[in-house]
Amino acid sequence: MHIDRYEQIWIRISVAVLVIFMIGIVVAGWSLSIQVPGVYGRVDPNTVTEPGSPWAEPGLRELAPGKYEVYILAQIWTFVPGEIRVPAGSEVTFYVTSKDVQHGFRIQDTNLSFMVLPGQISKMTHRFEEPGEYDFVCHEYCGVGHHTMAGKLIVEEAVASNQ
Amino acid sequence: MSVQSIPQPAAGADAHSSEARFSLENKLTGWHIGVAMAALSIGVTLGIMQGFEHLGIDLYKYTAPAFKTYYQGLTIHGVLNALVWTTFFIVGFFTTAITRSLDRPLKYPWINVLGFVLMFVGLLMATYPLLANLATVLYTFYPPMQAHWTFYLGLTLVVVGSWVAGYGFYFTLHAWRKENPGKRTPFIALASTITMVMWQIATLGVAAEILTMLLPWSLGLIEGTDPLLARTYFWYFGHPLVYFWLLPAYVAWYGMVPKQAGGKMFSDSLARLVFWLFLLLSTPVGFHHQYTDPGIPQGWKFIHALLTYGVAFPSLLTAFTVAASLEIGGRARGGKGWFGWIRKLPWDNPSYTAQNLAMIIFAFGGISGITNASYNVNLAVHNTVWIPGHFHLTVGSATTLTFFGIAYWLVPKLTGKQLYKPKLALAQAWTWFFGMILFGNGFHLLGLHYGVPRRTMLGAAVYRDPAWTPFLIEVFVGVLFLTTSAILFYWVIIGTLTHKKRLEKPVEMPIAEAADPTPVPAWLDTWKPWLYGAIALIIIAYGPMLYTLISEMQLTSPGFRVW
Amino acid sequence: MKDPDTPKGALALMLVYVLIIIALWSNVYFTVLSRGATQ
């Protein structure tokens with residue numbers, strides 16, 4: 001099959017650009033740890049708030065100084081907890097599930113953006129360096145109250161005595 | 001809409017008897033695109049209401065008996081625009097494209113009539129729950145939101161009807177091949193048929209989702225459902241769905257527009273290769289719609305990202321090949337130098353202009369598409385309004401504006417009437433172009449910089465931020481342009497349908513000749529290797545995860561009516 | 001009719017296009033990088 005000379009140049013350029021982008025993706029993913037969610041675990045959405053489940057009492061737990069985990073329950077049309085406070089510099093790991101329909105979860109100005117499915121656990125981590133108020137919202141349609149489903153994560157100035 | 005063969009003296013006689021051979025095909029095409037355009041008119045109206053809502057102006061209280069909420073409107077907007085306008089127009093367009101390209105009527109016309117009946121009955125069936133607010137689940141209908149069973153069954157019938165239309169096309173192509181041994185399949189017929197085969201393979205996913213999960217569940221035959229498995233079936237279908245929307249535009253851009261520009265197909269071989277590559281690569285990529293899903297491993301998501309970059313390649317090839325084909329035309333019309341040929345293209349022809357503007361918009365839609373496909377880069381834009389920004393440039397422009405351009409020769413062809421007020425049609429194309437640029441730019445920036453969520457009643461959102469306002473105004477101005485454009489489109493079409501002026505000669509479907517008349521190599525005209533390759537890639541890319549998800553399926557989610 | 005084997009206009013357009021692709025994609029890429037690690 002004859003391919004025009006100029007078209008061959010374009011093919012080479014296109015492939016090169018796609019390859020370079022792919023290298024960028026791999027660097028970001030495997031070297032800089034900017035990764036998409038993977039498989040973490042399953043739950044039964046019908047019993048996920050019963051005693052024994054981390055979502056029976058959703059909320060923030062400190063694992064070590066500056067290291068937290070937060071279990072968030074998404075439900076029509078709130079997140080529980082709806083407000084989270086951490087000191088600046090904290091690394092927070094989020095474990096989110098839904099007890100009813102599909103929801104989404106996204107924290108402003110971060111790469112934390114993922115689907116929340118009943119029966120599945122979504123896990124993602126972020127280090128909050130800058131003090132401020134970060135809105136989090138549901139970004140998957142979940143019914144007529146979808147646009148009211150939001151919360152706040154407040155990053156407080158680190159207190160000197162914690163050093 | 002039937003062509004009336006008015007006996008004409010001299011020059012027109014052969015062309016008219018040729019049209020008479022295709023009178024059933026013309027009727028079928030007319031029914032399909034008629035339904036498509038009717039659906040779009042409602043879908044577009046809802047889009048306008050959405051634009052107002054984002055600025056805080058709620059028009060839904062005035063439309064209450066029909067459209068009660070923003071979300072009901074959004075569901076209908078998606079279903080009518082992304083599923084009905086597209087599927088019906090495509091099947092209608094292909095009915096003409098394939099038969100004229102082969103210069104052969106349908107082999108078993110009753111099959112294609114049956115296909116239309118199934119599609120139409122399915123549409124009517126789905127209309128009931130949509131209007132009755134029993135299916136406010138958006139066009140992706142993710143469980144465990146649960147619609148009324150008539151919604152799922154109605155959509156199933158539309159899809160099955162499109163399969164049946166495809167079977168009618170395959171029999172026709174097969175008959176042509178037997179009647180023309182040793183000849184290469186004409187490009188337009190081949191590319192259209194490849195598109196239908198890709199669609200057949202793609203829709204198996206949504207068929208599995210509906211028939212094995214959602215329909216029995218909504219009928220109470222199964223107690224629960226597994227949302228991740230349902231999503232996976234859906235997005236197996238959802239990505240090739242967008243190629244079902246795009247490839248008919250490519251059929252026109254490769255096979256018809258160069259003729260309209262006075263040019264030729266720059267490379268018949270590459271054009272065919274592009275379509276075979278789409279058959280091969282459209283489906284095994286669906287996890288790129290599930291990058292942020294729990295329960296799907298990163299490794300599989302990454303493999304689908306690589307395959308998605310593979311399927312970006314034929315589109316990049318298309319950009320060059322189509323531009324080169326148009327350049328042939330522009331230079332034939334007197335264009336000189338590096339870019340002089342661009343000015344010499346037939347910009348006074350509304351059909352040409354609409355399609356060329358669609359190509360330009362698509363160039364940008366393709367860039368945001370490659371961005372979406374880029375694995376972790378997707379995190380910046382997932383479920384923000386960047387996504388509808390992207391797809392209004394693709395299905396909303398590459399596809400829709402091209403279909404408008406096609407209509408500007410197809411409707412005159414089917415009706416035997418002159419196109420009404422071509423200058424209005426030109427204005428329609430340009431207002432759509434500017435409207436989509438403003439709309440798209442606003443939404444892309446709102447999504448990327450502010451994370452504004454998609455599918456959301458922004459005007460009423462508790463987290464609404466004044467920083468969004470300038471961009472929402474830009475989007476709204478875009479919507480005003482699009483509204484004007486839509487009005488112009490229907491004005492021209494209705495004007496054409498009711499036009500007093502008949503054409504002396506029927507419109508011929510534009511068919512571009514190849515610049516190089518040498519027959520393409522046989523491997524570009526042979527189905528089996530590509531088909532087997534497509535199936536093999538799907539088994540590799542989807543087999544293991546589907547096996548895992550199905551064997552670990554937990555039907556724990558009951559249905560929810562959340563509206 | 002001009003020799004179709006030298007579509008220099010198409011190639012020139014594509015070179016402009018690829019620069020736009022690189023600029024826009026990189027903009028999003030570096031935005032993602034600036035928002036930090038997720039695991």
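The model is predicted: local features need pLDDT of at least 70 and side-chain atom pairs count only at pLDDT 80 or more, while totals for chains, interfaces and linings use all residues. I number residues from 1 along each chain as its sequence is written, with chains lettered from A and ligands numbered from 1 in the order in which they are written.

I then traced the pairing of strand 6 (residues 103-107) with strand 7 in chain A, which is antiparallel over four bridges. Strands (E, at least two residues) and helices (H or I, at least four) are DSSP runs numbered from the N terminus, and two strands pair if DSSP finds at least two bridges between them. I followed the open sheet of five strands in chain A in the order 4-10-9-6-7, with mixed pairing. Its edges are strand 4 (83-87) and strand 7 (113-116), each pairing on one side only.

Lastly, I located B:Leu211 in helix 6 (residues 187-218) of chain B. I recorded B:Leu211 as partly exposed because 13 other C-beta atoms lie within 10 Å; the cut-offs are 20 or more for buried and 12 or fewer for exposed, with C-beta atoms placed from the backbone.
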